[in-house]
Amino acid sequence: MKLYLCRHGETEWTLTGQHTGKTDLPLTRTGQKQAVHLRKRIKPVHFEKVFSSPEIRAVESCAGMKPVLDPNLVEWDYGDYEGLTSEEIHEKNPKWNLFEEGAPGGESVEQVKKRADHFLKMVRQFKGNVAVFSHGHFLRMLAARFLGLEPEMGKLFLLSVASLSILGYEKEQPVVILWNSS
């Protein structure tokens with residue numbers, strides 16, 4: 001089994017660097033083009049199952065693939081930091097790191113870890129390839145947990161918009177096959 005992690009395409013807030021958790025923004029025109037390119041890249045792959053966050057930016061990114069919408073795949077709830085840029089957040093809290101502290105008024109690291117672990121437990125039943133359309137910070141947590149790492153290690157996995165990453169196994173060992181490919 002391989003997990004194909006597909007981050008959604010560009011939105012207005014990815015352009016401005018604003019944290020977009022619960023705010024349900026559509027893709028920009030560029031984001032729509034990025035999504036088409038991403039889908040073309042994975043078109044030759046047979047997927048046993050396709051999953052998507054129910055957020056519109058993720059659903060638009062997998063259009064035509066008939067995904068199962070899974071609420072576990074939504075982006076981190078940034079709470080008080082929703083809509084703020086990292087620069088604005090660091091003015092308030094200079095040492096803030098999402099993967100270590102979570103989001104005040106939003107989700108804790110433990111809550112997002114539980115969502116990722118729940119999804120991974122469910123998806124491990126599949127033998128074939130699985131596509132996952134979701135969001136940057138959540139996919140980083142998902143990758144860390146797939147690899148058996150502690151949640152804070154998600155901070156090490158940068159993801160660009162409309163990127164493709166692949167996780168799988170070498171023998172029994174979870175591995176990164178491809179990361180952050182545009």
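1. In this predicted model, Leu-5 stands opposite Val-132 in strand 4. The pairing to which this position belongs is that of strand 1 (residues 3-7) with strand 4, where five bridges join two strands that run parallel.

2. Strand 4 also pairs with strand 2 (residues 47-52), again in the parallel sense and over five bridges. Here Phe-47 is the residue found opposite Asn-129 of strand 4.

3. The burial of strand 4 (residues 129-134) deserves a remark: six of its six residues are buried, and the strand is mostly covered. Asn-129, Ala-131 and Phe-133 point to one side, while Val-130, Val-132 and Ser-134 point the other way. Both sets are buried, a term that denotes under 20% relative accessible area.

4. Turning to the helices, helix 6 (residues 109-123) and helix 7 (residues 136-146) have axes that come within 9 Å and cross at roughly 65 degrees. The crossing of helix 6 past helix 7 is right-handed.

5. On the side of helix 6, the contact comprises Val-109, Val-112, Lys-113, Arg-115, Ala-116, Asp-117, Phe-119 and Leu-120. Helix 7 contributes Phe-138, Met-141, Leu-142, Arg-145 and Phe-146. By class, the residues of this contact divide into nine nonpolar and four charged, with no polar residue.

Methods: Residues numbered from 1 in each chain as written. Predicted model: local features only at pLDDT ≥ 70, side-chain atom pairs only at ≥ 80, totals over all residues. Heavy atoms only, no water. Axes fitted to C-alpha atoms, helices over the stretch in contact; angles between N-to-C directions. Helix = DSSP H or I, 4+ residues; strand = E, 2+ residues; numbered from the N terminus. Left-handed = near helix turned anticlockwise from the far one by under 90°. Contact = heavy atoms within 4.5 Å. Nonpolar A, V, L, I, M, F, W, Y, C, P; charged D, E, K, R; others polar. Buried < 20%, exposed > 50% of the residue type's maximum accessible area, 1.4 Å probe, protein only. Pairing = 2+ DSSP bridges.
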